[in-house]
Each structure stands twice: as structure tokens, then as C-alpha cells.
Amino acid sequence: MTTTHARRAAVSFREQLSRLTWHQACRLLGDDGEKLLRTGARRFDVDPEEHAYLGGDLFRVRVTDDEVDGG
């Protein structure tokens with residue numbers, strides 16, 4: 001007997017992020033996750049489609065920081 005699985009359409013980055021709870025987002029960012037979430041929005045202008053990647057268990061955000069050598 002064969003089982004048929006419907007292939008789900010690709011989920012957008014924003015949709016994946018919108019499904020995270022506060023606790024999950026903090027865990028993804030590590031020990032300082034809560035602090036980073038609270039202060040990060042005031043410090044960086046991030047375009048999720050351009051600067052971020054979320055896939056499987058990997059969440060990566062690239063931002064420019066003038067206080068760090070090389071950006």
C-alpha cells in the first residue's frame with residue numbers, strides 16, 4: 001500500500017517568523033535572546049527578505065553595525 005503526501009507550498013520567511021512564540025525566538029537567539037530582541041529593534045533596520053534566513057533549525061540575520069570593524 002502506498003501513502004500519498006500532499007506537497008505543501010513553500011512557507012515565506014515572515015510566515016515562519018510569525019509562528020514563533022516569544023520564548024522560541026529568545027531560544028533561537030541564545031542566552032541573551034530576550035535582551036537582543038528588546039534592544040535590537042531600536043538599533044538596526046532589518047529587511048527580513050533581504051537580511052535574514054530561516055530554515056530548519058537555523059536562523060541567520062546579517063546587519064551592518066558601524067561600531068564593529070568591517071561593518
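Okay, let's start with a definition: helices here are DSSP runs of H or I with at least four residues, strands are DSSP runs of E with at least two, and both are numbered from the N terminus. With that in hand, take glutamate 34 and arginine 38: both sit in helix H3, four residues apart, which is about one turn of the helix.

A quick word on what we're looking at. This is a predicted model, where local features need pLDDT of at least 70, side-chain atom pairs count only at pLDDT 80 or more, and totals for chains, interfaces and linings use all residues. Residues are numbered from 1 along each chain as its sequence is written, and side-chain values use heavy atoms, with hydrogens and water left out.

So, the overall layout. The protein chain has four helices and two strands, and from the N terminus on they come in the order α-α-α-α-β-β. Of the 71 residues in the chain, 10% are buried. Buried means under 20% relative accessible area, exposed means over 50%, and partly exposed is in between, using a 1.4 Å probe and protein chains only. The accessible surface comes to about 6500 Å², and 48% of that belongs to carbon and sulfur atoms. Those areas come from the Shrake-Rupley method with a 1.4 Å probe, and for residues only the protein chains shown count as cover.

What do the side chains of glutamate 34 and arginine 38 form? They meet in a salt bridge, at 3.0 Å from N to O. To count as one, a side-chain nitrogen of Lys or Arg has to be within 4 Å of a carboxyl oxygen of Asp or Glu. Glutamate 34 has 41% relative accessibility, so it counts as partly exposed, and arginine 38, at 49%, is partly exposed too.

How many salt bridges does the structure hold? Two. The other pair is arginine 19 with glutamate 15, at 2.4 Å from N to O. Arginine 19 is partly exposed at 46%, and glutamate 15 is partly exposed at 33%.

Trp22, Leu28, Leu29, Leu36 and Leu37 make a nonpolar patch on the surface, with about 410 Å² of accessible area together. Patches take residues with over 30% relative accessible area and no salt bridge; like charges are joined within 9 Å, and nonpolar side chains (Val, Leu, Ile, Met, Phe, Trp, Tyr) within 5 Å. Helix H2 (22-29) and helix H3 (33-43) each give two or more residues to the patch, and H2 gives the most, with three. Leucine 36 is in H3, and at 44% relative accessibility it counts as partly exposed.

Now the strands. E1 (residues 52-55) and E2 (residues 58-61) run antiparallel, joined by four bridges; two strands pair if DSSP finds at least two bridges between them. They form a hairpin with two residues between them, and glycine 56 in the turn has a positive phi of about 60°. Alanine 52 has valine 61 in E2 as its bridge partner.

Where does valine 46 lie? In the loop between H3 and helix H4 (48-51). Leaving aside neighbours within four places in sequence, valine 46 is in contact (heavy atoms within 4.5 Å) with His51, Val61 and Val63. Valine 46 and valine 61 are 15 residues apart in sequence and 8.3 Å apart in space, C-alpha to C-alpha.
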